[in-house]
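Trainee: Please pick one part of this model and take me through it slowly. I would like to see how that part sits among its surroundings.

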Amino acid sequence: VSEISEKLHCSHCTLFLRKEVNGEVILVPSMSKESKPSHKCDRTFKPGEGFTGWVYQNGESILSSAPTTDKRFSPTKMGVIPGSMLVVPIKAGNQTIGVVSAAHDIENWFNVNDKKLVETLSRHAGIAIERAIGKRGIEILSKITGLVLSALAAQLVLTGIKHFFTGEATL
């Protein structure tokens, strides 16, 4: 994600991974790099929802020079309106296991060569993941991702409670 963000000079770039919650698939941000704090992505998507969910569901990339004019686009809750977006699936075998979403404030920022670059990097990431953990491991990976995210959330809550009781809390 950092490499893509630097090469393409993105406003933000986020890696979304598949997670199962109560038997339902959602895509959660796994790692993110943004140029401004206001561009931080902390939302989730269901398959088919927004560009990220559509790419996950269809296994095809989206290169959009004006995202808000595309019916697949789902605006953020924070009101950040991207001028252009590049959203690419990460596949292990034939299964989409994640999505890379890059955005910029300026319309027509990304081009076909940028799309090819991110697709190549995503393909290599998928191959590496598949070789490292195998087909069965990919199924397990989504469950592990959920556990890691839950553990991180619990750590944040417990740290906040500790800081509250020790007087280290800041507003």
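This is a predicted model: local features need pLDDT of at least 70, side-chain atom pairs count only at pLDDT 80 or more; totals for chains, interfaces and linings use all residues.

Mentor: Gladly! Numbering starts from 1 along each chain as its sequence is written, and side-chain values use heavy atoms, with hydrogens and water left out.

The chain has three helices and five strands, in the order α-β-β-α-β-β-β-α. Both kinds of element are DSSP runs numbered from the N terminus: helices are H or I with at least four residues, strands E with at least two.

Over the chain of 171 residues, 38% count as buried.

Strand β3, residues 62–64, runs antiparallel to β4 and is joined to it by three bridges; two strands pair if DSSP finds at least two bridges between them. One of these bridges links I62 with V87 of β4. Strand β5, residues 95–104, is also antiparallel to β4, with nine bridges between the two. There K91 stands opposite T96 of β5. Two residues lie between the strands of this hairpin, and G93 takes a positive phi near 70°.

Now for the packing. A nonpolar core here is a set of buried Ala, Val, Leu, Ile, Met, Phe, Trp, Tyr and Cys residues joined through side-chain atoms within 4.5 Å. In the largest one, with 15 residues, L8, L86, V100 and V118 touch the most other members. Its largest share, four residues, comes from β4. Beyond its neighbours within four places in sequence, L86 is in contact with residues including L8, I62, V100, F110 and V118. A second, separate core of 13 residues includes V87, along with L27, F45 and F73.

One general point is handy when you look at neighbouring positions. In a regular strand the side chains alternate between the two faces of the sheet.

Conventions: Buried means under 20% relative accessible area, exposed over 50%, partly exposed in between (1.4 Å probe, protein chains only). Contact means heavy atoms within 4.5 Å.
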